[in-house]
Amino acid sequence: GGHPKAAAASVRLSSNKKTEEEGGADVPASGASDGSAVDEEALAEARELLSQVRAAVEAQIPNEVRAESVMTTDVVCLEPDQTVDTAKAILTQCRLRGAPVVNPRSGKLLGLLKLSDTVRAQQNGKGNDKIKAIVRTNVPTVTPEMTFLELENCIMDRGIGRLPVVGEGGKLVGIITRTDILRHHNLYASLNSPSTDARIAQRQKLHDEVEEEEPDAQPTDPAAPSPDSPPHAERAAA
C-alpha cells in the first residue's frame, strides 16, 4: 500500500534461530542471563546487517551532478579588441544570441556580449568600434563545482539564458545554457523522481523559450531604451 517500488523483507537472525532450536520461550528463569546474552548477540548481528544494507544502498546512489558535467566546453568566444561588425558577424554565423568575451592571452572572462548589443551599436554608427567599449561586465558566473539544482534555480529564477563557468583565476572553462539544462533533464528523466506541477510548468516554459525562433534583436529606434540593455556600459580592460 506504499510507494509502487517500495519493498520490505523479514530476515531471521542466526542467533534467534539458535534460540528457537534450543527451546526459545521455554528457557527457565534460571537461564535469564543466557537469554540476555542471546539478545545482545542478536542486537549486534542486526546492527551489522543494517550496516551492510546501508552500504549497499548508498553504493546505488549516483553522485550529485555538478556544473562541470553539464557545461559546454567548446565555447565560441569573442576578444575585446574585435570590432562590433566582426563580433556581430561571428554571432550571426554561429547562430548565437550572445557569447563571452575573454582575454586572448590569459583566457580570463571579461564579460558577455549579446547580439542585440551589436545591433544597437551598428544603428548608432559604431560598427568599427571595439567591443570592449560595450561589453557587459556585470555578468553572473558559476563555478565547476556548483550543483545542478543550484544551476537550474539560477537560470529559472533570474531568467538567465547562459551562465559562464569560471575556474581558478577567473579563467573561462565552459558555459551552461538553457538547452544544456533541458538536455540533462531528458537524459536522466528515468532517474528523477516525479516533479511537482509547478516545476513541470517551469520546465515547459523554459522549453518554449528555447524553441522560439524569433531573432535576438529587431531593428529599433536608436533613441529608445531597450529593456535588456544595461544601465550603463562599463569598459572592460583587455
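Mentor: Happy to! A residue is called exposed when its relative accessible area is over 50%, and buried when that value is under 20%; anything in between is partly exposed. Keep in mind that this is a predicted model.

You will find arginine 95 in the loop that runs between helix 4 (84-93) and strand 1 (98-102). The backbone of arginine 95 deserves a look too: phi is positive, about 55°, although this residue is not a glycine. As background, most residues other than glycine have a negative phi.

Now move along to asparagine 103, in the loop between strand 1 and strand 2 (109-114). With a relative accessible area of 9%, asparagine 103 falls under the 20% cut-off and therefore counts as buried. A polar atom of the asparagine 103 side chain lies 3.3 Å from the backbone nitrogen of serine 106.

Next come the charged pairs. Side chains of opposite charge can pair when their charged atoms come close. The whole structure holds five salt bridges. In one of them, lysine 130 pairs with aspartate 81, and their closest N and O atoms are 3.8 Å apart. Lysine 130 sits in the loop between helix 5 (115-123) and helix 6 (148-158), while aspartate 81 sits in the loop between helix 3 (67-70) and helix 4, so this pair ties together parts that are 49 residues apart in sequence. Lysine 130 is partly exposed at 40% relative accessible area, and aspartate 81 is partly exposed at 42%.

Aspartate 81 also meets lysine 132 in a salt bridge, at 3.2 Å from N to O. This pair links distant parts of the chain as well, with lysine 132 in the loop between helix 5 and helix 6 and aspartate 81 in the loop between helix 3 and helix 4, 51 residues apart. Lysine 132 has a relative accessibility of 16%, so it counts as buried.

For another salt bridge, look at arginine 183 and aspartate 180, whose side chains meet at 2.8 Å, N to O. They are three residues apart in helix 7 (residues 178-187), which means about one helical turn separates them. Aspartate 180 counts as buried because its relative accessibility is 4%.

Terms used. Residues numbered from 1 in each chain as written. Predicted model: local features only at pLDDT ≥ 70, side-chain atom pairs only at ≥ 80, totals over all residues. Heavy atoms only, no water. Helix = DSSP H or I, 4+ residues; strand = E, 2+ residues; numbered from the N terminus. Buried < 20%, exposed > 50% of the residue type's maximum accessible area, 1.4 Å probe, protein only. Polar contact = N/O pair within 3.5 Å; in protein donor to acceptor, adjacent residues only side chain to side chain. Salt bridge = Lys/Arg side-chain N within 4 Å of Asp/Glu carboxyl O.
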